[in-house]
Amino acid sequence: MSAPARVAVSLLYLAGLVAGPLLAVHAVVLLARDRSAMSRRTWRVLLALTVGAVIVAASRFTPIGADLHRWWMD
């Protein structure tokens, strides 16, 4: 992988590391505050995306995630 590509991948990784948990927290606030105003389908989709964001963020700190990211950066 070329140097500019490594920089781009690193920046995307860092952006995802910061943005993922922030968006998950915001989604939880929306779910708690506006549950009655949302349709059931919207609430379920937002909940699923929140859980997915938390799983992806947590997997970055697990040994399996470290191996995957090391492979991706090679």
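The model is predicted, so local features are taken only where pLDDT is at least 70 and side-chain atom pairs only at pLDDT 80 or more, while totals for chains, interfaces and linings use all residues. Residues are numbered from 1 along each chain as its sequence is written, and side-chain values use heavy atoms, with hydrogens and water left out.

The protein contains three helices and zero strands, where helices (H or I, at least four residues) and strands (E, at least two) are DSSP runs numbered from the N terminus. Along the sequence the pattern is α-α-α. Of the 74 residues, 15% are buried; buried means under 20% relative accessible area, exposed over 50%, and partly exposed in between (1.4 Å probe, protein chains only). The protein exposes about 5700 Å², of which carbon and sulfur atoms supply 74%; accessible areas come from the Shrake-Rupley method with a 1.4 Å probe, and for residues only the protein chains shown count as cover. Among contacts (heavy atoms within 4.5 Å) between residues at least 6 apart in sequence, 53% join residues at least 24 apart.

Two packed helices are described by the angle between their axes and the distance between the axes. For helix H1 (residues 3-33) and helix H2 (residues 40-59), the axes come within 9 Å and cross at roughly 150°. H1 is therefore roughly antiparallel to H2. Axes here are lines fitted to C-alpha atoms, for helices over the stretch in contact, with angles from 0 to 180 degrees between N-to-C directions. Angles under 35 degrees count as roughly parallel, over 145 as roughly antiparallel, 65 to 115 as roughly perpendicular, and the rest as oblique.

On the H1 side, Gly20, Pro21, Ala24, Ala27, Val28, Leu30 and Leu31 meet residues of H2, namely Trp43, Leu46, Leu47, Thr50, Ala53, Val54 and Ala57. By class, this contact has twelve nonpolar, two polar and no charged residues. Ala, Val, Leu, Ile, Met, Phe, Trp, Tyr, Cys and Pro count as nonpolar, Asp, Glu, Lys and Arg as charged, and the others, Gly among them, as polar.

Within H2, Thr50 counts as buried because its relative accessibility is 8%. Leaving aside residues up to four places away in sequence, Thr50 touches Ala24, Ala27, Val28 and Leu31. Leu49, also in H2, counts as exposed, with 57% relative accessibility. The C-alpha atoms of Leu49 and Ala27 are separated by 8.5 Å, the two residues being 22 apart along the chain. Trp43 is likewise found in H2. With residues up to four places away in sequence not counted, Trp43 touches Leu31, Arg35 and Met38.
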